[in-house]
Amino acid sequence: MLGPGGYVRDILAMPVGSSVEISGWVKTRRDSKGIHFAQVNDGSCMQDLQLVIDDGVLTAETLALVTTGASVTAGGELVASPGAGQSVELKVTGLAVHGGADTVTYPLQKKGHTMEFLRDIAHLRSRSNTFGAVFRVRNAVSYAIHRFFQERGFIYVHTPVITASDCEGAGAMFGVTTLDMQNVPRTEGGAIDFSQDFFGKPAYLTVSGQLEAEIFALAFSNVYTFGPTFRAENSNTPRHLAEFWMVEPEMAFCDLAGDMRLAEDFLKYVIRYVLDTCLADIEFFTKRIDPTVLGTLEHVASVDFEHVTYTEAVEILRRADRTWEFPVEWGCDLQAEHERFLTEETFKRPVIVTDYPKQIKAFYMRANDDGKTVRAMDVLAPRIGEIIGGSQREERHDVLQARIVEQGLDLEPYWWYLDLRRFGSVPHAGFGLGVERILMYLTGMKNIRDVIPFPRTPGSAEF
Ligand code: 4AD
Ligand code: MG
């Protein structure tokens, strides 16, 4: 019978003499006189289980198939390992090969491959050490996110993927349509006739679940949504994806100070959870990808985050002895170079920047009394820059309506969002964490395409 069975991770912790069976993929095979070694990995941990196959145990045909990339099930007895790197190994008494792999054409060889090459073989890269570690950490982060919010009584809400409203008001949305592109129906005026489209009006892939999360926060008090979001901005950078995962808590009866406190607690919780459960993977990243990973994570999990206003941040940047690629002027958005300077050089820790100019932030952020800034907050992390974006929300109906108009947005799609401000409105706040951004931070991986299983970027949607 085949069924979910023992993992390498568990077998490596079992006592010598245990009789075990393991299924996995052969990483490497080597032979010496009268004895054959195969390293088997099943994705459960960084370490492989070493199979020791004495001559005569397997037929020559089976043995010939035990090569890099092949899938096998092996049974036998755990014995103490004389070799370095593992305490036990499996003395094989029986082995079946499920699928062989041609040693010449199998793309994943032992030699180090570039990240670019591995991206082109995303159907196989998850079997490599690096991507095994990345996706185990990704799994742990996902679990930690749910655990953090569930422990605090937050209700998990599934917000829609298809939407008719632009949450960020930035217009960077993918359209969703069943109209015939070869023969688009037109109104008398010549515009596209969306009344004939599937939803009877223009529809898009969501850029954020926030607006719908607010509906739930105004019924369940504290909620979070966690799912894929889509942005059609044509930014080919190492920190942007067209499809990425975002977790967005939303809290009723909460202001910006409460929002920032939760964001800090949340980041520290996730980091600690990963350090507790994936230390071997983090040590691997520290050794092979970026020597600062482990130290930075331990530091961040224990320090208080710095707080500055946008206005103070601009002052710091203007005084800095630097030539900036992008202008530093009150009213301009902070770019990655500015964000990294603040967190890496000025404060040497995560920084929360608050109270941005209203013209560079979304319509839903609560207006400050100065008439110029809004109650926004971005959490900036060393190496990455912006990792969290959030705000207190505008809970005053008339102010919100004026802001939507001021930003040149159509009021109609927001009727229900405005309605929330007419019936039991409350001060409320929330934020969005880009899951891939925190994964870059946790793993030291330099390109966001290498922390999501199947990256979608301009010109690329393979797999
Ligand atoms: O700052 P953003 O645009 O905020 C929102 O979408 C709010 N509605 C969140 C909220 O208040 N509920 O995005 C939030 C985070 C960013 O800080 C960043 O980490 C990530 O999402 N992000 C991206 N990650 C990868 N690729 C992209 N194109 C991203 N755009 C934003
Ligand atoms: Mg943002």
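1. Contact here means heavy atoms within 4.5 Å. Helices (H or I, at least four residues) and strands (E, at least two) are DSSP runs, numbered from the N terminus. The model is predicted: local features need pLDDT of at least 70, side-chain atom pairs count only at pLDDT 80 or more, and totals for chains, interfaces and linings use all residues. Residues are numbered from 1 along each chain as its sequence is written, chains are lettered from A and ligands numbered from 1 in the order in which they are written, and side-chain values use heavy atoms, with hydrogens and water left out.

2. Helix H9 spans residues 310–319, and its residues Tyr310, Ala313, Val314, Ile316 and Leu317 are buried. Buried means under 20% relative accessible area, exposed over 50%, partly exposed in between (1.4 Å probe, protein chains only). Those buried residues fall within an arc of 160° seen down the axis of H9, so they line one face of the helix. The arc is that of the directions from the helix axis to the C-beta atoms. Arg318 and Arg319 are exposed on the other side of H9. The cover over the buried residues of H9 includes strand S12 (306–309), helix H10 (336–346) and strand S13 (351–357).

3. Ligand 1 has 25 residues around it; Glu168, Gln210, Arg231, Glu248 and Glu386 come nearest. A residue is near a molecule or strand if one of its heavy atoms lies within 4 Å of it. S15 (385–392), S11 (243–252) and S16 (428–434) are strands that each supply at least two residues of this shell. S15 gives the largest share, 5 residues.

4. Polar contacts to ligand 1 deserve a look. The term covers a pair of N or O atoms within 3.5 Å; within protein, one must be able to donate a hydrogen and the other to accept it, and residues adjacent in sequence count only if both atoms are side-chain atoms. Gln210 places a polar side-chain atom 2.7 Å from a nitrogen atom of ligand 1. For Glu233, a polar side-chain atom lies 3.1 Å from a ligand 1 nitrogen atom. Ile387 uses a backbone N or O atom, 2.9 Å from an oxygen atom of the ligand. Taken alone, ligand 1 exposes 630 Å², and the protein buries 94% of that. Accessible areas come from the Shrake-Rupley method with a 1.4 Å probe; for residues, only the protein chains shown count as cover.

5. Arg119 sits in helix H3 (residues 115–120). Its relative accessibility is 18%, so Arg119 counts as buried. Leaving aside neighbours within four places in sequence, Arg119 is in contact with Arg125, Asn447, Arg449, Asp450 and Phe463.
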